[in-house]
Amino acid sequence: MEELLKIHDLTIELRTKKARYNLVENIDFTVNEKEAFGIVGESGCGKSITAYSIINLLSTPPLYIKKGSINFKGKELTNLSSKEMRKIRGNEISMIFQEPMTALDPLFTIGEQLKEVMQIHTKLTDKEMDNKVIETLKKVEIPRAEQIVNDYPHQLSGGMLQRVMIAISMINNPKLLIADEPTTALDVTIQAQILDLMNGLKEKFGTSIIMITHDLGVISETCDRVAVFYGGHVVEISDVENIFENSMHPYTLGLVKSVSSLGQKRKELYTIPGVVPTYDQMGIGCRFYDRCVKKMDICKNKVPPLKEYSKGHQCRCWLYEEVN
Amino acid sequence: MRSYITRRLLLFIPVLIGISLAVFLLMHLIPGDAVDSLLGVEATDELREQLTKQFGLDLPWYEQYFNWISGVLKGDFGYSIRTGKAILPEILSRFKVTFELSILSSIISWIIAIPLGILAAVKRNTWADGLARVVALFWVSIPNFALVTLLLLFLSLQFNYYPALQYTAFFDNPVQNLKTLIFPALVLGAIMAGSVMRMTRSSMLEVLRQDFIRTIRAKGAKEKVVIFKHALKNSFSPIITIIGMQIGYLLGGTVITEQIFSLPGLGLFILTGINQRDYPVVQGSILFFALVFVIINLIVDILYACIDPRISYK
Ligand SMILES: Nc1ncnc2c1ncn2[C@@H]1O[C@H](COP(=O)(O)OP(=O)(O)OP(=O)(O)O)[C@@H](O)[C@H]1O
Ligand code: SF4
Ligand SMILES: [Mg+2]
């Protein structure tokens, strides 16, 4: 399997007048070609900012990449000029967002907004673009595509708009699609349809996907591998099957426990006690320390390293370190 | 859309009736009457009575109102008590001047304010934004007459400019016409620019915070496209609102500017009418002004619908 995106030691900093905080710290993960890679974690753990940093969409100021590398197909993205970065956005790496209802410009038609991303990156004629728009809308299973191109966003439902967003992101055949909680704002039935659609497109286009979610269920339905985030750290990376059957990190264990059974109707059975510390309350040790049922002395003052313990299975926890 | 416009036009009727009544009653509450101010204190009672009768001022107020308004409906605004001239033609000819001045100064204010507003929004919280905001705040806080006077002083000292003594219509001599109007228009435009700029800035900032801007950036669009094609278009509604209001006020005449630059506009006409207790002039002008104002409001509402597909008038 070939590596497509390799993030190494990425730290994103929030600069305020008073202080600087590392919102995410030493992020390490790799996304392979044609792979669906999941990022899962509670609200505020840094999933979105990590994703935005890939295509330099962080709101700077106040957020800055403090250190680390983001390598895409052998190219270092953190050093690109804004012009070079624009060539990648929407073309080689595209992104869809959580709120389809607000993700499109209300004053332009669906067709215009699909065409815009082709106008930026291709030299197709108007006619060719029109055809491609219809063709792509059909690929994302939008009924009456010929009429919908002339509609405005407010005339479509959330599910339809998310399909349009997917169409916009796929129309230039990107290598990587970043989906930031693409189904969180949608009804359960629509959610399932959108996930199916994305699975299908991944196969058809051979696009890699980074699927960001707080829902392990979504991960199990769509992803090959997954990184678990907690408080701005990657705490575990593994194959999806492994994460459910052999989770190592106490936080992952809790997450898995809180999901009753895969694929079927999920019900919250268990929630991890305690709350996530906010970025200004982070200790200097393991970020899960306050809520961990297996905490030890060392955990309080020293961050455990992210290490591979079996092939393809990494974890950041002192439990597995031999020094103990 | 068409039926919406028809309904809005029908709504004009109660609005104009209300305004005409209010103006009419207000004029009658002002102490002193036209006959006094026309004849002076020396006049004989006979003469006084005769004139009062001639102007219909001896009738009960509602009859006076009815006579006036039924004339207005036939396009007859009556005659000036002072000059005896028909009022409507006078209003219309003065309105031409005021209209031209309003349009010219509005365009000037957009040219100044909109680019500055965009710049301040895009460069928010930098020194450029700070400077633009302070200047705009200062600008909107100075009383207009002070600004006009200062500018005139400046113009006359620096450019040896003085107001033309005679107004020249555009179609008679465009160059002379523009020469007469450009300085008052600059003054008014500069005055209006402050609030237009502030509105542009805050509206742009609001739009730039919205989610869809991120989508456009994620498409790989240039910042130029993000700002001018998408953000600016989405910012227009509040800007149009404030521009509409300003044009509305300008069309009512800008007394001070007209006075200083000796322009025969609507503002001076109304002012003179008030000073001389010339009821028909004041009533007619204000009613006309109200009509212009509601028309501008209608145009603004129609413009909203042209820009924003979410607004549909049925
Ligand atoms: N522009 C910003 N200014 C200040 N803090 C920010 C900014 N953006 C994000 N943060 C902080 O960074 C942290 C991570 O935010 P992020 O949006 O990446 O979380 P997330 O994992 O995507 O959560 P969610 O599931 O709620 O989307 C949060 O604590 C958030 O408060
Ligand atoms: S390092 Fe310690 S506190 Fe952190 S998860 Fe492991 S056992 Fe718990
Ligand atoms: Mg998020």
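**View 1. The shell around ligand 1.** Ligand 1 has 15 residues around it, and the closest are A:S43, A:G44, A:K47, A:S48 and A:I49. A residue counts as near the ligand if one of its heavy atoms lies within 4 Å of it. This is a predicted model, where local features need pLDDT of at least 70, side-chain atom pairs count only at pLDDT 80 or more, and totals for chains, interfaces and linings use all residues. As for the labels and atoms, residues are numbered from 1 along each chain as its sequence is written, chains are lettered from A and ligands numbered from 1 in the order in which they are written, and side-chain values use heavy atoms, with hydrogens and water left out. Which part of chain A gives the largest share of the shell around ligand 1? That is helix α1 (residues 47-54), with three residues. Helices here are DSSP runs of H or I with at least four residues, strands are runs of E with at least two, and both are numbered from the N terminus. Sorted by class, the shell holds seven nonpolar, five polar and three charged residues. For this sorting, Ala, Val, Leu, Ile, Met, Phe, Trp, Tyr, Cys and Pro are nonpolar, Asp, Glu, Lys and Arg are charged, and the others, Gly among them, are polar.

View 2. Zoom in on A:S43, where a polar side-chain atom sits 2.5 Å from an oxygen atom of ligand 1. At A:S48, a side-chain N or O atom is 2.6 Å from an oxygen atom of the ligand. With A:I49 it's the backbone that takes part: one of its N or O atoms lies 2.9 Å from a ligand oxygen. On its own, ligand 1 has 630 Å² of accessible area, and the protein covers 69% of that. Accessible areas come from the Shrake-Rupley method with a 1.4 Å probe; for residues, only the protein chains shown count as cover.

**View 3. Where chain A touches chain B.** Here 25 residues of chain A are in contact (heavy atoms within 4.5 Å) with 20 residues of chain B. The size of an interface is often given as the accessible area lost when the parts come together. Between chain A and chain B, the buried area is about 2,100 Å², and carbon and sulfur atoms give 61% of it. Buried area is the accessible area (1.4 Å probe) that two parts lose on being put together, summed over both. On the chain A side, A:R86, A:L107 and A:E116 lose the most area to chain B, together 29% of what that side buries.

View 4. How many salt bridges cross between chain A and chain B? The rule finds two, and A:E116 forms a salt bridge with B:K219 at 2.9 Å, N to O. A salt bridge means a side-chain nitrogen of Lys or Arg within 4 Å of a carboxyl oxygen of Asp or Glu. There are also twelve residue pairs in polar contact across this interface, both partners at pLDDT 80 or more. A polar contact is a pair of N or O atoms within 3.5 Å; within protein, one must be able to donate a hydrogen and the other to accept it, and residues adjacent in sequence count only if both atoms are side-chain atoms. On the side of chain A that touches chain B, α3 (110-121) and α6 (158-170) each supply at least two residues. The largest share, five residues, comes from α3(A).

**View 5. A salt bridge inside chain A.** A:D126 and A:K115 form a salt bridge, their closest N and O atoms being 3.6 Å apart. A:D126 is in helix α4 (residues 126-139) of chain A and A:K115 is in helix α3 of chain A, so the pair ties together parts that are eleven residues apart in sequence.

**View 6. Two cis peptide bonds.** The bond from A:T60 to A:P61 is cis, with omega near -15°. The bond from A:P61 to A:P62 is cis too, with omega near 10°. A:P61 is in the loop between α1 and β4 (63-72) of chain A.
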